[in-house]
Amino acid sequence: VTAVAWSPDGTRVLSGSSDKTLRIWDSRTGGLLLEIPGHRGPVLAVAWSPDGKCLASAGEDASARSKDKGSVIHLWDAETGKELGQLKGHTRAVLALGWSPDGRRLASGGADATLRIWNVASGKETPAFEAQQDAVTSIAWRQGGKQLLSGGADKTLRLWDANSGKQ
């Protein structure tokens, strides 16, 4: 298991694994509720949308049409496991994911040292910005969704304006 996240209501747990799958578990019984295949590489980051309806997952998962080692962020229906879409832009593995408090945006951080913010409904990203000197390994939204914190392998934390991308 390489990544975990609680559902917003605490009744389920999402896990991602090096075996290229996602699994949803019942948090009370520990029973497996759903297994979701579909990644082409290890799953390194998972996140549950604030309304509990959508899952995001990513890792070392180059698109089938991509010749590089970039990564695809997958969006899934949390009840059925059906893929809802893909977000493409990172040139290396995605290591961190985080939904904005309102669920409209998804932030992703990767081994390419970029922080990207995606409009989930349209699939479009705001211009990516170099967030760290090295890989972006963690992301946290501030309540209200106006600021975003990133942590990196360069041993720094950086605070960002989520709308402008400025520190």
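**Close-up views of a predicted all-strand chain**

View 1. Strand β7 (residues 72-77) pairs with β8 in the antiparallel sense over five bridges, where strands are DSSP runs of E with at least two residues, numbered from the N terminus, and two strands pair if DSSP finds at least two bridges between them. Within this pairing, H74 has Q86 of β8 as its bridge partner. The two strands form a hairpin with five residues between them, and G81 in the turn has a positive phi of about 80°. The model is a predicted one, in which local features need pLDDT of at least 70 and side-chain atom pairs count only at pLDDT 80 or more, whereas totals for chains, interfaces and linings use all residues. Residues are numbered from 1 along each chain as its sequence is written, and side-chain values use heavy atoms, with hydrogens and water left out.

**View 2. The sheet β5-β6-β7-β8.** Four strands in the order β5-β6-β7-β8 make up an open sheet with antiparallel pairing. Strands β5 (43-48) and β8 (83-88) stand at its edges, each with a single partner strand, so one side of each is left without a neighbour in the sheet. From one strand to the next the twist averages 20°, with axes taken as lines fitted to C-alpha atoms and angles running from 0 to 180 degrees between N-to-C directions. Strands β5 and β6 pair in the antiparallel sense over five bridges, and here V43 stands opposite G59 in β6.

View 3. S57 has its place in strand β6 (residues 54-59). S57 is buried, with a relative accessible area of 0%; buried means under 20% relative accessible area, exposed means over 50%, and partly exposed lies in between, with a 1.4 Å probe and protein chains only. The side chains of S57 and W76 are joined by a polar contact of 2.8 Å, that is, a pair of N or O atoms within 3.5 Å, of which, within protein, one must be able to donate a hydrogen and the other to accept it, while residues adjacent in sequence count only if both atoms are side-chain atoms. When its neighbours within four places in sequence are left aside, S57 is in contact (heavy atoms within 4.5 Å) with L22, H39, V43, A45, V46, V72, I73, H74, W76 and L97.

**View 4. The sheet β1-β2-β3-β4.** An open sheet is formed by four strands in the order β1-β2-β3-β4, and its pairing is antiparallel. Its edge strands are β1 (3-6) and β4 (32-36), each of which pairs on one side only. The twist from one strand to the next averages 15°. Strand β1 pairs with β2 (residues 12-16) in the antiparallel sense over four bridges, and the bridge partner of W6 in β2 is V13.

**View 5. Surroundings of R12.** R12, which lies in strand β2, is buried, with a relative accessible area of 14%. Its side chain makes a polar contact of 3.0 Å with the side chain of E79. Apart from neighbours within four places in sequence, the residues in contact with R12 are A5, W6, S7, I24, W25, S27, L33, W48, G52, A78 and E79.

**View 6. Two loop residues with positive phi.** Most residues other than glycine have a negative phi. A113, in the loop between β10 (105-110) and β11 (114-119), has a phi near 65°, a positive value in a residue other than glycine. A113 is buried, with a relative accessible area of 10%. K155 also is not a glycine and has a positive phi of about 70°; its place is in the loop between β14 (147-152) and β15 (157-161). K155 is exposed, with a relative accessible area of 80%.

**View 7. The whole chain, for orientation.** The chain has zero helices (which would be DSSP runs of H or I with at least four residues) and 15 strands. Its radius of gyration, taken over C-alpha atoms, is 15 Å, close to the 15 Å that the globule rule (2.2 Å times the number of residues to the power 0.38) gives for 167 residues, so the chain is as compact as a globular protein of that length. Along the principal axes, its C-alpha atoms fill a box of roughly 45 × 40 × 30 Å. Of the 167 residues, 50% count as buried.
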